[in-house]
Amino acid sequence: MSTPRSHMVVLSALLGAVGCSSGKGGASGQGGASSNGGSGGAFGSGGVVGSGGAIGSGGVSRSGGVSSTGGLTSTGGVTGSGGVTGSGGATGSGGTIGSGGRGSGGANGTGGATSTGGSTGTGGTTSAAGATGRGGANGTDGANGTGGAVGSGGATGIDAGPGNGCPAGDAGVVTSATINNTGPWNDTTGKHIQAHGGGFLKVCDTWYWFGEDKTLNTNGTGNFHAISCYASKDLVTWEHRNSVVTTSTDPILNNVNLIIERPKVIYNASTKMYVMWAHWDMEACSGANGGYCDSEAVVFTSPTVDGNYKYEKHFQPGGNASRDCTLWQEPDGTAYFVSTGAQGQTSAGTFSQTQVYQLASDYLTVQNTTKIWANDTREAYAFWKVSGKYYGISSGQTGWAPNQAAYLTSTGSITGPWNTSFTGVGVNNSTWSSQPTYVIPIVGSQTTTYIYAGDLWNSNNLSLSTYLWLPFTFDGTKWSLVYSAQWSINLATGVVTTN
Ligand code: GAL
């Protein structure tokens, strides 16, 4: 937009991997005939009842799924694959009937009684493995653990059966992805991917990319036309699945001035709904001089990840102005909306304060709890969490014009305490004219790689805006990005192979 707005938040959620259906485990699942350690493994699943899922159950890097039992979001539930500490979470152990998954066995875990080993875990005593799966990378076979012929998807597990929308046996697509930052960033029909200010969600073996469709925004005005959803199994080949929110979604969206930006989606395991939060603005003011006069959040829901989302409501969370925003979801299902803005900040100019709102259990509204970075004048936050520490990368507030993103660290939780010193990530603190929108965790059998996903805005023609994705590196103290026009990652191991 021509008037630089300050504000906007970013959000980044986490990819909550959704558990997969029964029988998985198989294919690439866990434990394999040749594995050691029983299944488990890299992409998990396997669980007695399937849970597991491509990285899935078990949750991306979060262990064991949200809290439950296999299912759509989880796997690894309390007794499910994974067991008490989550299907194998990072340090967890497989549950008594745990199935594989990132789960069973976790990175350092031990397979459960019938489960599978984790990437460095040990197979369980009777673990079953998937047909082609494998035990942990460094795992040890369990007493009987050598993978079974048909995988560890279990017959009795939780999560088995229909209902989670994941095709059986889809766990563990092993492939390599080469990200080409010089483009073209096209979908499978050859059209430029229109998913700006985007967010990502992994369901079974598929990544979904939600973002602003700016096809019709051929100048610097970013008024709303649609929110798109693309799907990919390899992070490179993106199929346009649906315009999940359009001007026809609800009469209130048929407004030429409206702005909806930075959509992010997470799955609510208890309501079984996909819930989208985004920035809502300019409903009540014209595009020419609106100055983002509303500064609100908007919520949409859908029972399917790429279906037509239903408009729920728009409002100022906690009575605060709210611009750039993102979502964050913990393995236990607790979720947060993070957004920039405070009470009364509803006009152009610099916003201050980033709020972290815990969501109610249905994810449709915020609870009272808020935490603030006082005097923080940032936006476009994207978060990632490693070994109990939280990191949030954000930009300054310069509208569509680029500035250099930098990150903060919290040693407590997503609500803080955050340090107040921003650290740059690239050479000379550069982020190569990009603005953060999301951090994508790629959970592999050997490591988890965190991909910085940024927007490269074209302020003269927003429809031509493109993207910059780079893998973060961590030296034990500091996170860094190195520019690479083209780089590759092994999606099975999580290891960046060329940079
Ligand atoms: C940025 C924000 C974008 C968009 C833009 C409009 O600050 O991050 O999402 O709102 O301003 O100028």
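Trainee: In what sense do β19 and β20 pair, and over how many bridges?

Mentor: β19 and β20 pair in the antiparallel sense over 8 bridges, where two strands count as paired if DSSP finds at least two bridges between them, and strands are DSSP runs of E with at least two residues, numbered from the N terminus. Please keep in mind that this is a predicted model, in which local features need pLDDT of at least 70, side-chain atom pairs count only at pLDDT 80 or more, and totals for chains, interfaces and linings use all residues. Residues are numbered from 1 along each chain as its sequence is written.

Trainee: What do β19 and β20 form, and how many residues are between them?

Mentor: They form a hairpin, with 4 residues between β19 and β20. As one example of the pairing, Gln-435 has Asp-455 in β20 as its bridge partner.

Trainee: Which sheet has β19 in its order?

Mentor: An open sheet of 3 strands with the order β19-β20-β21 and antiparallel pairing. Its edge strands, each pairing on one side only, are β19 (435-443) and β21 (466-471), and neighbouring strands are turned by 25° against each other on average, direction ignored, with axes being lines fitted to C-alpha atoms and angles running from 0 to 180 degrees between N-to-C directions.

Trainee: And how many bridges are there between β20 and β21?

Mentor: Strand β20, residues 448-456, pairs with β21 in the antiparallel sense over 6 bridges, and the bridge partner of Tyr-452 in β21 is Leu-470.

Trainee: How many residues of β19 are buried?

Mentor: β19 is mostly covered, with 9 of its 9 residues buried, and a residue is buried if 20 or more other C-beta atoms, placed from the backbone, lie within 10 Å of its own. Across the protein chain, 63% of the 499 residues count as buried.

Trainee: Changing topic, how many helices and strands does the chain have?

Mentor: The protein chain has 0 helices and 25 strands, where a helix would be a DSSP run of H or I with at least four residues.

Trainee: Which residues touch the most other members of the largest nonpolar core?

Mentor: Met-276, Tyr-336, Phe-337 and Val-439 do, in a core of 92 residues. Such a core is a set of buried Ala, Val, Leu, Ile, Met, Phe, Trp, Tyr and Cys residues joined through C-beta atoms within 7 Å. Strand β7, residues 273-281, gives the largest share of this core, 7 residues.

Key
A residue is buried if 20 or more other C-beta atoms lie within 10 Å of its own, exposed if 12 or fewer, and partly exposed in between; C-beta atoms are placed from the backbone.
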